[in-house]
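This report is intended for a reader who is meeting the structure for the first time. Please view the sequence and the model together while reading the sections below.

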Amino acid sequence: MGYEDITFFVDTFSEALEKGHIHAYFQPIYRAVTGKMMCAESLARWIDPEKGLFSPALFIPALEESGLIFELDMEILRQACAFYNEMREKGTPIPSFSVNLSRRDFKHDDLYDRVISTLDKYNVPHDAINLEVTESLMIDEPEVFRDVLQKFNNAGFTMWMDDFGSGYSSLNVLKNYNFGLMKFDMVFLRDFTLKGRKLLASLINMAKSLSIHTLIEGIEHEEQQQFMLDAGCEALQGFYFSKPCAKDELSSMISEGKIVCEDTDDRAYWEQIGKFNFLSANPIEEFAGIDAPEDKAAEHTDTVSSLALLECNKGTVKYIYANEAYRKRIKYLGFNTIEEIENDFNSQRTEQSFMMKKFMEDIIEQGDIKIAEYTAEDVYLRLSGICLAKKKDCAMVAYNLTTFETEQEVEKANQLIYICNSLFATYEVAVLVYPESGIVNRIHTSNNLPTFDKESSINESLRKFCLSQVDEVDQERYLQFLDLNTAIERVENSPKGFIQDKFRMHINGTPNTWYSVRLSRVPAINEPTYLLTIQSM
Ligand code: C2E
Ligand code: MG
Ligand code: MG
């Protein structure tokens with residue numbers, strides 16, 4: 001670019017502004033997990049009727065040099081506010097806009113007032129405008145910058161640090177200034193080597209631990225998108241999704257449904273969820289504000305947690321996200337895919353799904369960390385969960401599914417199983433009965449008694465069991481006692497929540513032995529559930 005070009009921009013800027021040759025273009029920024037548009041970045045374009053379109057790389061330096069940049073930035077802000085207002089009136093509001101400020105703007109004492117009056121003119125709430133500033137700015141005049149930044153923060157704006165990683169990138173900047181979001185420069189994606197990815201991931205990790213939201217710009221490939229999602233980066237921007245475009249183009253994409261905007265409820269909900277740090281050694285504890293014991297932190301540093309986000313919407317559970325480690329680990333639970341585990345969860349047909357649902361409801365209700373430990377095919381599993389956010393009928397829960405690794409933990413799990421087994425060992429038989437779906441499900445038997453779980457009806461399975469195990473003298477009484485047409489009512493009306501009687505059986509080969517049979521109501525989620533136990537007296 002020659003000197004003539006610089007003077008061209010400086011000389012003709014005021015005229016171009018007046019004639020409407022300066023346009024704000026808008027590039028959508030998407031919430032990584034939902035794919036909904038949460039913001040649009042406003043980017044300046046100079047469209048000369050004769051010379052065509054100039055990119056900011058040409059005119060920004062010229063305008064910065066001459067100090068005219070302030071008027072450009074205020075014009076772009078004005079157009080963003082006007083567009084906000086226009087979309088709101090149309091009934092399809094764009095949640096927020098980001099606007100770039102130049103370092104030179106901070107030399108203008110009236111920066112703050114000009115911004116406020118522009119928003120007022122179009123009645124734009126302050127939290128709908130995010131102000132992007134690059135870090136190079138703070139090196140110049142740290143005090144002035146800090147004061148103005150604070151003023152904007154106090155007025156409800158969110159300050160975004162733009163182009164992090166492109167220049168000097170001092171981490172101190174994050175400590176010393178109050179930024180609500182860190183925007184990672186596309187240089188990280190240009191150098192998408194293992195080293196580059198590790199660096200980016202740990203920066204996201206760090207930002208989150210400081211409660212700073214994260215965004216990356218310059219996504220051009222699916223692979224980059226997936227990586228950023230796994231790293232827990234909250235927001236994505238790049239040509240892979242959308243290029244900057246004129247306002248009418250963006251408006252049509254929204255009205256045609258090609259782009260879906262996030263609503264206000266969504267925003268609060270997701271911002272809360274965005275704080276969850278996928279890359280922490282102890283994500284669940286960190287979210288709850290608990291410092292993990294040091295040895296535990298050390299032990300896990302090199303293992304990725306298996307994490308999933310599950311949304312519970314009016315009782316229906318949906319996996320919103322699961323990382324690779326989690327997808328692998330669900331095999332221990334007997335599932336091959338996320339769809340399978342999700343279907344099981346919602347079918348409420350198996351023992352496990354009942355437990356999982358109850359576990360989730362406890363988490364949502366009580367708000368603190370909950371831990372469940374169990375075994376599956378000789379593997380010890382620990383599921384810890386926490387509720388991240390709630391809105392209307394929805395709640396988002398984060399799960400961390402770990403397998404026990406240390407000897408101490410295995411020992412603990414063994415003990416747990418031992419206790420469970422010895423509890424059940426006091427029964428000859430324990431069966432769960434679901435009258436509504438007409439199913440019985442045996443959960444324990446002390447010897448190899450035949451199962452009648454698969455019979456056509458509950459009464460049929462009870463009858464078969466009775467004929468084969470109960471002494472003839474007591475068979476009729478047994479069938480009457482467990483006749484489901486009346487038994488359920490008797491249980492429900494009993495003050496203790498169960499009915500009990502004794503019968504002679506030959507379960508263990510010895511006839512004329514007395515057994516106590518009990519039918520009790522057990523806590524369940526979807527349908528009433530009863531536990532039938534048989535215990536020798
Ligand atoms: P920026 O603020 O970092 O804006 C992002 C730039 O990256 C934009 O370039 C955008 O078009 C480009 N970009 C977005 N996604 C991708 C992608 O996937 N691949 C690639 N290769 N590029 C992508 P643009 O619009 O040319 O703006 C360049 C820079 O000029 C901006 O960088 C910003 O620093 C400055 N700028 C633009 N408009 C304004 C303004 O109104 N005021 C001020 N002060 N600076 C502005
Ligand atoms: Mg920017
Ligand atoms: Mg940038």
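## Helix α4 and its surroundings

The buried residues of α4 pack against α3 (69-90), β5 and α6 (142-154). The model in which this packing is seen is a predicted one. Helix α4 covers residues 111-121, and its buried residues are L111, Y112, V115, I116, T118 and L119. Viewed down the axis of α4, these buried residues fall within an arc of 160 degrees, so they line one face of the helix. Just after α4 comes N123, which takes a positive phi of about 55 degrees.

## Helix α9

Helix α9 comprises the 16 residues 194-209. At 1.5 Å a residue, α9 should span 22 Å, and its end C-alpha atoms are 23 Å apart, which agrees. The buried residues in α9 are G196, L200, A201, L203, I204, A207 and K208. They cover an arc of only 160 degrees around the axis, which puts them on the same side of α9.

The other side of α9 carries L194, K195 and K198, which are exposed. The cover over the buried residues of α9 includes β6 (158-164), β7, α8 (187-190), β8 (213-217) and α10 (222-230). After α9 comes S211, with a positive phi near 60 degrees.

## The two magnesium ions

Which residues coordinate the magnesium ion (ligand 2)? The donors are E41 (OE), N100 (OD1), E132 (OE) and D162 (OD), at 2.0 to 2.3 Å. Along the chain, the donors of the magnesium ion (ligand 2) follow the spacing E-x58-N-x31-E-x29-D. N100 is partly exposed, with a relative accessible area of 22%, whereas E132 counts as buried at 1% relative accessibility.

The magnesium ion (ligand 3) is coordinated by D162 (OD), D163 (OD) and E217 (OE), at 1.9 to 2.3 Å. In sequence, the donor residues of this magnesium ion (ligand 3) are spaced D-D-x53-E. The magnesium ion (ligand 2) and the magnesium ion (ligand 3) are 3.9 Å apart, and D162 coordinates both. D162 is buried, with a relative accessible area of 6%. D163 counts as partly exposed, at 21% relative accessibility.

## Salt bridges

How many salt bridges does the structure hold? There are 23 salt bridges. Side chains of opposite charge can pair when their charged atoms come close.

One of the salt bridges joins the side chains of R31 and E262, at 2.7 Å from N to O. R31 lies in strand β1 (residues 22-31) and E262 in the loop between α11 (247-255) and α12 (264-273), so the pair ties together parts that are 231 residues apart in sequence. R31 and E262 are both buried.

A further salt bridge brings together the side chains of E132 and K183, at 2.8 Å from N to O. E132 is in strand β5 (residues 129-134) and K183 in strand β7 (residues 181-184), so this pair ties together parts that are 51 residues apart in sequence. Both of these residues, E132 and K183, are buried. They also belong to a network of salt bridges that links E41, E132, K183 and E217.

K247 and D248 form another salt bridge, with their closest N and O atoms 3.2 Å apart. K247 is partly exposed, with a relative accessible area of 30%.

## The loop residue A32

Where does A32 lie? A32 is placed in the loop between β1 and β2 (37-48). Is this residue, A32, buried or exposed? A32 is buried, with a relative accessible area of 12%.

Leaving aside neighbours within four places in sequence, A32 is in contact with L229, C233, E234, A235 and L236. Although A32 and A235 are 203 residues apart in sequence, they are 5.0 Å apart in space, C-alpha to C-alpha.

Technical notes:
Residues are numbered from 1 along each chain as its sequence is written. Chains are lettered from A and ligands numbered from 1 in the order in which they are written. This is a predicted model: local features need pLDDT of at least 70, side-chain atom pairs count only at pLDDT 80 or more; totals for chains, interfaces and linings use all residues. Side-chain values use heavy atoms; hydrogens and water are left out. A salt bridge is a side-chain nitrogen of Lys or Arg within 4 Å of a carboxyl oxygen of Asp or Glu. Helices (H or I, at least four residues) and strands (E, at least two) are DSSP runs, numbered from the N terminus. Buried means under 20% relative accessible area, exposed over 50%, partly exposed in between (1.4 Å probe, protein chains only). Contact means heavy atoms within 4.5 Å. Donors are N, O and S atoms within 2.8 Å of the metal (3.2 Å for Na, K and Ca); water is not among the atoms, so sites may look incomplete. The expected span of a helix is 1.5 Å times one less than its number of residues. The arc is that of the directions from the helix axis to the C-beta atoms.
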